[in-house]
Amino acid sequence: MQINTHLQQLPGNYLFTEIANRTQAYQAAHPSARILRLGIGDVNRPLPAAISDAMHRAVDELTRVETFRGYGPENGYDWLRQAIVDYDYTSRGIHLSPEEVFISDGAGSDLGNLSELFDTANSVAILDPSYPAYVDTSRMAGREIIFLPCVAEHNFRPELPARKADIIYLCFPNNPTGTVLTRKELAAWVDYARANHSIILFDAAYEAFIEDPDVPHSIYEIDGAQEVAIEIRSYSKSAGFTAVRCGYTVVPKATGLQAMWRRRQCTKFNGASYISQRAALATYTAEGKAGLSANLNYYKQTARLLMDGLQDLGYRVYGGKNAPYIWCETSNKMDSWQFFDFLLNSCQVVCAPGVGFGEAGQGFVRFSAFSNRDDCHEALRRLQSL
Ligand SMILES: *Cc1c(COP(=O)(O)O)cnc(C)c1O
């Protein structure tokens, strides 16, 4: 037996462990300090009643012999796949069929699993900074990575790869920078993929935060994208499902990959939970939508508060609009971790150091609209009195 050395040699998840370690060490040394956590990447608003009711009903069905269910379809129930087509795509003028929609237990699994469709010799282009899963899964497979630096001079928009990239991970609205692309900007990537026979894996986890009409909600709003793009979506951030677990991946027939992905999923995935899928369906009801939009508005207001507050204090901030993350330049040219330590020690505020998302994130930190509202107010007060 020989182990996968790529996996063995993968560095530990340094970012979040290190944040936790430094925060705990500070708390241990200052037991009475009230630490304010503003770097969180997880939702905190409770589920609307329409969604929890749907889950309760699903559980009750499983307790009665007449309505009990066993395994569901590997790729998801038809009623959910159809609702996704109707509400998330047809409503935006995009034509997809339910067979092109694959229900998942969240985006995390598919973001890595999709790479099984491609030869390991394929190169992967990944934004720097980025959500760590793209880099880690590509490294586990031993793939060559082409980093695409996203820098302030280009408003954190990546430039097209200088050499041919076979697989391209894009994430817009972006985690961690909060950057979005206009239709025209995204079209350049679709053109690149068509010209180079590349495939785009488009992570649209933050689609629900988009407000500008110029910003596409789906990559399929771009002509020709169905031939070169797979779209990965999740109810995690849009509906507060990080615990419930449900998402979906669109693999259009035009990519030539739809049958392969179905084959792969039917072997390696036995479907998302019936209860989660009923919860996902409830997000499309009038009551579900109302509850969720109240939650989204709450996060958007928190983003606004943080953006304006930091800006008023003289910080240079990006993102925060169309996205729940605020990308903030450190003061006095501190590096990301120096600034993290400075905020922790001087005002007990915890952020997410930008360099943890990639080399190009050096000199920045991420603040999150998923932070407690009162803690944001208090953090801004403490920063002001520095
Ligand atoms: C949170 C997040 C996801 C969602 O992951 P799930 O597995 O669906 O919870 C996907 N992509 C990005 C960039 C995220 O930040």
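Modeller: Let me start with the second largest cavity: its lining residues are eight nonpolar, no polar and no charged. Keep in mind that this is a predicted model.

Biologist: Which residues line the second largest cavity?
Modeller: Its lining is made of Phe172, Pro173, Val180, Leu181, Leu186, Phe202, Val215 and Pro216. The space inside is about 40 Å³.

Biologist: How many cavities of 30 Å³ or more are there in the whole structure?
Modeller: The search finds three. The largest cavity has a volume of about 60 Å³.

Biologist: And what lines the largest cavity?
Modeller: Val43, Arg45, Pro46, Lys237, Ser238, Ala239, Gly240, Leu292, Asn295, Leu296 and Tyr299 do. Helix 12 (286-312) and helix 9 (235-238) each give at least two residues to that lining, and helix 12 has the largest share, with four. By class, the lining of the largest cavity has six nonpolar, three polar and two charged residues.

Biologist: Which domains do those lining residues come from?
Modeller: The lining of the largest cavity takes at least three residues from each of domain 1 (5-47 + 288-385) and domain 2 (49-285).

Biologist: OK, switching to pockets. How much space lies in the largest pocket?
Modeller: About 580 Å³. The largest pocket has 24 lining residues, and those nearest its centre are Asp88, Glu207, Ala208, Ser238 and Leu296. Helix 4 (78-89), strand 7 (229-234), helix 9 and helix 12 are the elements that give two or more residues to this lining. Helix 12 supplies the largest share, six residues.

Biologist: Where does the largest pocket lie relative to the domains?
Modeller: Between domain 1 and domain 2, because both give residues to its lining.

Biologist: Which classes and domains show up in the lining of the second largest pocket?
Modeller: Its residues divide into eleven nonpolar, five polar and four charged. Domain 1 and domain 2 each contribute at least three residues to the lining of the second largest pocket.

Biologist: Let's go back to Pro173. Is the peptide bond from Phe172 to Pro173 cis or trans?
Modeller: That bond is cis, with omega near -5°. Most peptide bonds are trans. Pro173 sits in the loop between strand 5 and helix 7. Another cis peptide bond joins Asn175 and Pro176, with omega at about 15°, and Pro176 is also in the loop between strand 5 and helix 7.

Biologist: Where does Thr177 lie?
Modeller: Thr177 lies in the loop between strand 5 (167-171) and helix 7 (183-196).

Biologist: Is Thr177 buried or exposed, and why?
Modeller: Thr177 has a relative accessible area of 2%, so it counts as buried; the cut-off for buried is under 20%.

Biologist: What does the side chain of Thr177 make a polar contact with?
Modeller: One partner is the side chain of Asn174, at 3.0 Å. The side chains of Thr177 and Thr179 are also joined by a polar contact, of 2.7 Å. Leaving aside residues up to four places away in sequence, Thr177 touches Pro129, Phe156, Tyr318, Gly319, Tyr325 and Trp327.

Biologist: Last topic: which residues have a positive phi although they're not glycine?
Modeller: Arg245 is one of them, with phi of about 75°, and Asn322 has a positive phi of about 70°. Most residues other than glycine have a negative phi.

Biologist: Where is each of them placed?
Modeller: Arg245 is in the loop between helix 9 and strand 8 (247-250). Asn322 is in the loop between strand 9 (317-319) and strand 10 (325-329).

Terms used
Residues are numbered from 1 along each chain as its sequence is written. This is a predicted model: local features need pLDDT of at least 70, side-chain atom pairs count only at pLDDT 80 or more; totals for chains, interfaces and linings use all residues. Side-chain values use heavy atoms; hydrogens and water are left out. Buried means under 20% relative accessible area, exposed over 50%, partly exposed in between (1.4 Å probe, protein chains only). A polar contact is a pair of N or O atoms within 3.5 Å; within protein, one must be able to donate a hydrogen and the other to accept it, and residues adjacent in sequence count only if both atoms are side-chain atoms. Contact means heavy atoms within 4.5 Å. On a 1 Å grid over the protein atoms alone, a cavity is a set of points where a 1.4 Å probe fits but cannot get out, and a pocket is an open set with protein on both sides within 12 Å along at least five of seven lines; lining residues have an atom within 4 Å of a point. Grid points are joined across faces, edges and corners, and a volume is the space filled by probe spheres set on the points. Ala, Val, Leu, Ile, Met, Phe, Trp, Tyr, Cys and Pro count as nonpolar, Asp, Glu, Lys and Arg as charged, and the others, Gly among them, as polar. Domain bounds come from an automatic or database domain assignment.
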